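Hi,

Here is the structure I promised to pass on. Please open it first, then read my notes below.

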Amino acid sequence: FLDISGPPAVTDDSVIAVATHCPLLEHLALSAPDDDVGDEEGTSARLSDEGLLAVAAHCPLLTHLDVSGHDSGAITDRSVSALARGCPRLRYLDVSRTRGITAVGITAVVQHCPQLEHLDAMCSDGATAATVRGVAAHCRLLKHLDVMPRNSRKAPTEADLVLLVRQCPTLRKLHMPEVADACAAQLHRERPGLALGFPFYEEASSNTHGDSDDA
């Protein structure tokens, strides 16, 4: 297990050095500090696709990866798709609060990493209905999923969530947009004991059920 999360902010150089010298690495934590804001001046010195491409190329045994909190947009679907192909044993992936990763990258992960058990995409660009449908189609071993989107417009529908619960027999914890009581009741009927969580939207609207554009 190696944790080189910030502070100070993790850099491409440090990750490339680790990846090239630790081919047997299984657990890697690279989360950004809570106060690490990816500005134009500092982004080039911090973690980007280049560092994660090195991990994908040199660490095929990786099972656990945390790249949460990288809000600069420098980590994209390019490196996440490479990780999906290069690290097929992934069981735990945290991309929460990381801009630049969309449903395209996360779909690649769920397609190529059949042992995935934990996926946290909270407040990332990948927390979408398309991601939920991809997970439902491929992740039979999933236990934990957080798909709270940055804003309510990209939220999965209630039908997507019901499909997810039906298709993922080991799912035990689901963090998602707030849904109607009837939908929550149906999810519990489909999966007794399922723990549901309703975190707030990043857009910080006072309307906890999302805005009028959700219809």
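Is Glu50 buried, partly exposed or exposed? Glu50 is partly exposed, with a relative accessible area of 42%. Keep in mind that this is a predicted model.

I looked at salt bridges.

**Arg78 and Glu50**
Glu50 forms a salt bridge with Arg78, at 3.0 Å from N to O. Arg78 sits in helix 3 (residues 77-86) and Glu50 in helix 2 (residues 49-58), so the pair ties together parts 28 residues apart in sequence. Arg78 is also partly exposed, at 49% relative accessible area.

**Arg99 and Asp71**
These two side chains meet in a salt bridge too, at 2.9 Å from N to O. Here the partners come from loops. Arg99 is in the loop between strand 4 (92-94) and helix 4 (103-112), and Asp71 is in the loop between strand 3 (64-66) and helix 3, so this pair ties together parts that are 28 residues apart in sequence. Arg99 is partly exposed at 32% relative accessibility. Asp71 is partly exposed, with a relative accessible area of 32%.

**Asp160 and Arg133**
The closest N and O atoms of this salt bridge are 3.2 Å apart. Asp160 lies in helix 6 (residues 158-167) and Arg133 in helix 5 (residues 129-138). The pair links distant parts of the chain, 27 residues apart. Arg133 is partly exposed, at 42% relative accessibility.

Best wishes

Technical notes: Residues numbered from 1 in each chain as written. Predicted model: local features only at pLDDT ≥ 70, side-chain atom pairs only at ≥ 80, totals over all residues. Heavy atoms only, no water. Salt bridge = Lys/Arg side-chain N within 4 Å of Asp/Glu carboxyl O. Helix = DSSP H or I, 4+ residues; strand = E, 2+ residues; numbered from the N terminus. Buried < 20%, exposed > 50% of the residue type's maximum accessible area, 1.4 Å probe, protein only.
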